[in-house]
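Open the model in your viewer with the sequence panel beside it. The stops below say what to select and what is found there.

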Amino acid sequence: KLDAQLSDVVSGRGGDAAWPVAPDATVVPTLDARIVGTSATSSTLAVTITLRFSGPADLLAEPPVLRGGSGKQYPATPDSLSQARFAFLDFVSKGSATATFVFQGAIDTKESLILVFNPSHRSTDIISPRREIFVR
């Protein structure tokens with residue numbers, strides 16, 4: 001009987017207990033975003049955003065960038081990234097989080113700007129999906 005049970009386990013037939021199902025690779029976590037505010041200086045642009053995110057994925061697996069209409073990318077400051085990582089812990093307890101990212105560079109605030117999470121990843125990546133949020 002033990003051999004039959006081991007055979008069931010190895011083959012995935014499972015016996016009495018239900019086997020956990022692997023997540024469907026086509027299911028992508030959803031993101032609702034709201035830009036709360038922006039503030040510009042001659043060398044930075046701060047973007048405050050409130051996010052609701054469903055899923056276990058990591059939006060900060062790679063530092064976000066602000067992409068201008070010309071294609072130029074502006075990096076987030078290390079301090080604002082650290083503070084955002086801390087703020088994103090609210091996803092666990094509240095289901096939403098608010099964070100302010102400060103981007104470096106002489107940013108033309110008149111051009112269209114897009115906040116890009118995990119910029120070198122694909123949007124279908126279930127661990128660290130790329131997400132783009134229109135800022136202005």
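A salt bridge here is a side-chain nitrogen of Lys or Arg within 4 Å of a carboxyl oxygen of Asp or Glu. The model is a predicted one, and by this rule the count in it comes to three salt bridges.

**Stop 1**

Select arginine 67 and glutamate 132, which form a salt bridge with their closest N and O atoms 3.3 Å apart. This pair links distant parts of the chain: arginine 67 is in strand β3 (residues 65–68), glutamate 132 is in strand β7, and 65 residues separate them.

How accessible is glutamate 132? Glutamate 132 counts as partly exposed because its relative accessibility is 41%, a value between the limits of 20% and 50%. Arginine 130 counts as partly exposed as well, at 22% relative accessibility.

**Stop 1**

β3 and β6 run antiparallel and are joined by four bridges. Which residue in β6 is the bridge partner of leucine 66? Select leucine 115: this is the partner.

**Stop 2: the largest nonpolar core**

In soluble globular proteins, nonpolar side chains tend to be buried together. To see the case in this model, show the side chains of Leu66, Phe88, Phe101, Phe103 and Phe117. Among the 27 residues of the largest nonpolar core, these five touch the most other members. β2 (44–53), α2, β5 (96–104) and β6 each supply at least two residues of this core. β2 gives the most, with five residues.

Center on phenylalanine 103 and display what surrounds it. Not counting residues up to four places away in sequence, phenylalanine 103 touches a set that includes Leu45, Val47, Leu66, Tyr74 and Leu115. Ser43, Thr44 and Pro64 are also among the residues that phenylalanine 103 touches.

**Stop 3: serine 80**

Move to helix α2 (residues 78–87) and select serine 80, which lies in it. Is serine 80 buried or exposed? Serine 80 is buried, because its relative accessible area is 4%, under the limit of 20%. Leaving aside neighbours within four places in sequence, serine 80 is in contact with Thr100, Phe101 and Val102.

**Stop 4: asparagine 118**

Select the loop between β6 (113–117) and β7 (131–134), where asparagine 118 lies. Check the backbone here: asparagine 118 has a positive phi of about 50° although it is not a glycine. Asparagine 118 counts as buried because its relative accessibility is 0%.

**Stop 5: Lys94 and Asp90**

Select lysine 94 and aspartate 90, which form a salt bridge with their closest N and O atoms 3.9 Å apart. Why are the two separated by about one helical turn? The reason is that lysine 94 and aspartate 90 are four residues apart in helix α3 (residues 90–94). Lysine 94 is exposed, with a relative accessible area of 62%, whereas aspartate 90 is partly exposed, with a relative accessible area of 26%.

**Last stop: the whole chain**

Zoom out and colour by secondary structure. The protein has three helices and seven strands, and from the N terminus on its elements run α-β-β-β-β-α-α-β-β-β. Of its 136 residues, 35% count as buried. Among the contacts with a separation of 6 or more, 59% are between residues 24 or more positions apart.

Note on methods:
Residues are numbered from 1 along each chain as its sequence is written. This is a predicted model: local features need pLDDT of at least 70, side-chain atom pairs count only at pLDDT 80 or more; totals for chains, interfaces and linings use all residues. Side-chain values use heavy atoms; hydrogens and water are left out. Buried means under 20% relative accessible area, exposed over 50%, partly exposed in between (1.4 Å probe, protein chains only). Contact means heavy atoms within 4.5 Å. A nonpolar core is a set of buried Ala, Val, Leu, Ile, Met, Phe, Trp, Tyr and Cys residues joined through side-chain atoms within 4.5 Å. Two strands pair if DSSP finds at least two bridges between them.
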